[in-house]
Amino acid sequence: MGEKVSIVIPAYNEEIAIGNTLDLINSVIKNIEEYEFELIVVNNNSKDNTKQVAEKHGALVLDELNQGYGNAYKKGMGFATGDILITGDADASYPFEDIPRFLRLMAENDFDFINTNRFANLEKNSMPVLNYFGNKMLTLMANGIYGVNIKDSQSGMWIFKKEILENMDFGIMGAGMPFSQEIKIYSNHNNNKFVEIPIKYRKRLGEKKLNPLKDGYDNFINLLNFKKKLK
Ligand SMILES: Nc1nc2c(ncn2[C@@H]2O[C@H](COP(=O)(O)OP(=O)(O)OP(=O)(O)O)[C@@H](O)[C@H]2O)c(=O)[nH]1
Ligand SMILES: [Mg+2]
């Protein structure tokens with residue numbers, strides 16, 4: 001058995017989708033012998049049966065009581081014991097079937113951080129028009145403000161070495177959705193070996209949680225403020 005991989009998934013009221021998401025992951029990792037896996041779901045005050053469904057599907061479920069996508073990730077990443085972390089939503093939208101490809105890329109190239117680009121292959125209706133333009137705008141602004149070259153700053157699927165977290169200060173990172181752009185900006189800022197690869201993005205199962213206007217605005221303000229906090 002070689003390196004250990006932690007798969008970390010934030011979940012808020014995802015009882016409809018979490019079982020499907022974990023089924024896909026389990027069906028893929030059971031055929032990978034070279035790595036040891038740890039499957040972590042961070043339950044964020046779900047009012048439905050997200051926790052029970054996740055446990056039934058073999059995940060270790062952590063509870064994060066502070067609401068928010070960023071808070072959920074901080075908890076999960078702090079707990080994860082893998083050498084490599086893989087993330088994604090609990091809504092069956094991200095292609096966890098690509099885990100073997102991700103691990104091969106990490107092993108062959110010694111990347112520190114792989115971001116995934118959903119725009120490369122969007123399934124029909126997977127990203128509403130407003131979200132599409134918001135995601136494009138936020139990505140362009142991140143590139144302009146931080147001098148980076150990212151294609152999808154809002155993608156929620158990342159593959160990275162756990163050790164890069166040592167040089168990130170969770171204290172300056174957001175409690176909510178902006179965590180997604182921050183971790184990519186931070187990784188570039190720290191001169192990590194950063195790449196982006198195309199993925200297929202599916203229409204989510206279950207109810208939408210994202211509020212494109214509010215979350216878009218929060219992300220925009222965060223882009224302006226995060227720069228002052230970065231050392
Ligand atoms: N919105 C939201 N999501 C959370 C929270 N905590 C954890 N999550 C999870 O974070 C992931 C991302 O949220 P999503 O609602 O899928 O956001 P999105 O992918 O940008 O948008 P859609 O999938 O199109 O609705 C999901 O797995 C959520 O269940 C929270 O407090 N708010
Ligand atoms: Mg989602």
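Predicted model: local features only at pLDDT ≥ 70, side-chain atom pairs only at ≥ 80, totals over all residues.
The largest nonpolar core has 35 residues. Ile7, Ile9 and Ile99 have the most contacts inside it. Where do the core residues come from? At least two each come from β1 (4–11), α1 (18–29), β2 (36–43), β4 (84–87), α4 (99–109), β5 and β7 (194–201). The largest share is from α1, with five residues. As a general point, nonpolar side chains in soluble globular proteins tend to be buried together.

Next, Glu123. Find it in the loop between β5 (113–122) and α5 (129–146). Is Glu123 buried, exposed or partly exposed? Its relative accessibility is 31%, so Glu123 counts as partly exposed; the buried class stops under 20%, and the exposed class begins over 50%.

What does Glu123 contact, leaving aside neighbours within four places in sequence? Four residues in a row: Lys200, Tyr201, Arg202 and Lys203. Take Tyr201. Along the chain, Glu123 and Tyr201 are 78 residues apart. Their C-alpha atoms, though, are separated by 5.9 Å. Now take Lys203. Here the side chain of Glu123 reaches the backbone nitrogen, at 3.2 Å.

Definitions and conventions:
Residues numbered from 1 in each chain as written. Chains lettered and ligands numbered in written order. Heavy atoms only, no water. Helix = DSSP H or I, 4+ residues; strand = E, 2+ residues; numbered from the N terminus. Buried < 20%, exposed > 50% of the residue type's maximum accessible area, 1.4 Å probe, protein only. Contact = heavy atoms within 4.5 Å. Polar contact = N/O pair within 3.5 Å; in protein donor to acceptor, adjacent residues only side chain to side chain. Core = buried A, V, L, I, M, F, W, Y, C linked by side-chain atoms within 4.5 Å.
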